[in-house]
Amino acid sequence: MSTRPKVLLSAYACRPKGGSEPGAGWAWAKAAARDHDVWLLTRGKFAHEIAEELAIRPVPSLSVVPLELPTWVLKLRRRPADVYWYYPLWQGLARRTARQ
């Protein structure tokens, strides 16, 4: 059993080769995983890119939990401004998942 501190990180946008917010999410996750056991909650749409990156450059203390709201909710997002109602719903899913 690891004696390293545990960290739960929620990064709505997290992409290994992303800039701005997605790149920052990935940088935070990797930085925290240097000294902690990290559970990363992020959008499911980034899971493939993260898995590819971890296959090339493993981060043993990083566990990724991809989360996505149901497809029917995703289909309701049509405009960039829709993130303002979508994001709180995703955070609710992250909160429920973290409690489990």
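These legends walk through several close-up views of one predicted model. Residues are numbered from 1 along each chain as its sequence is written, and side-chain values use heavy atoms, with hydrogens and water left out. Because the model is predicted, local features need pLDDT of at least 70 and side-chain atom pairs count only at pLDDT 80 or more, while totals for chains, interfaces and linings use all residues.

**View 1. Three parallel strands form an open sheet in the order E1-E2-E3.** The edge strands are E1 and E3, each of which pairs on one side only. On average, neighbouring strands of this sheet are turned by 20° against each other, direction ignored. Helices (H or I, at least four residues) and strands (E, at least two) are DSSP runs, numbered from the N terminus. Two strands pair if DSSP finds at least two bridges between them. Axes are lines fitted to C-alpha atoms, for helices over the stretch in contact, and angles run from 0 to 180 degrees between N-to-C directions.

View 2. E1 and E2 pair in the parallel sense over six bridges, and here Val 7 stands opposite Val 38 in E2. Six bridges also join E2 to E3, which run parallel; in this pairing Val 38 stands opposite Leu 62 in E3. Strands of a sheet pair through backbone hydrogen bonds, either parallel or antiparallel.

**View 3. E2, H2 and E3 make a right-handed β-α-β unit.** A crossover is right-handed if, with the strands pointing away from the viewer, the path from the first strand over the helix to the second runs clockwise. Helix H2 covers residues 47-56 and holds Glu 53. Is Glu 53 buried or exposed? At 9% relative accessibility, Glu 53 counts as buried (buried means under 20% relative accessible area, exposed over 50%, partly exposed in between, with a 1.4 Å probe and protein chains only). Not counting residues up to four places away in sequence, Glu 53 touches Pro 16, Lys 17 and Trp 26; contact means heavy atoms within 4.5 Å.

**View 4. Helix H4 lies across E1, E2 and E3, running at about 145° to E2.** H4 (residues 83-99) has 17 residues and reaches 24 Å from its first C-alpha to its last, close to the 24 Å expected at 1.5 Å a residue. That expected span is 1.5 Å times one less than the number of residues. The buried residues of H4 are Tyr 86, Trp 90, Gly 92, Leu 93 and Ala 94. Their cover includes strands E1 (6-11), E2 (37-43) and E3 (62-67), together with helix H3 (71-76).

**View 5. The largest nonpolar core has 25 residues.** Leu 40, Leu 62, Leu 67 and Trp 90 touch the most other members. E1, helix H1 (20-33), E2, H2, E3 and H4 each supply at least two residues of this core. A nonpolar core is a set of buried Ala, Val, Leu, Ile, Met, Phe, Trp, Tyr and Cys residues joined through side-chain atoms within 4.5 Å. Leaving aside neighbours within four places in sequence, Leu 40 has contacts including Leu 9, Ala 29, Leu 62 and Val 64.

**View 6. Ser 20 has a positive phi of about 50° although it is not a glycine.** Ser 20 is found in helix H1 and is exposed, with a relative accessible area of 70%. Most residues other than glycine have a negative phi.
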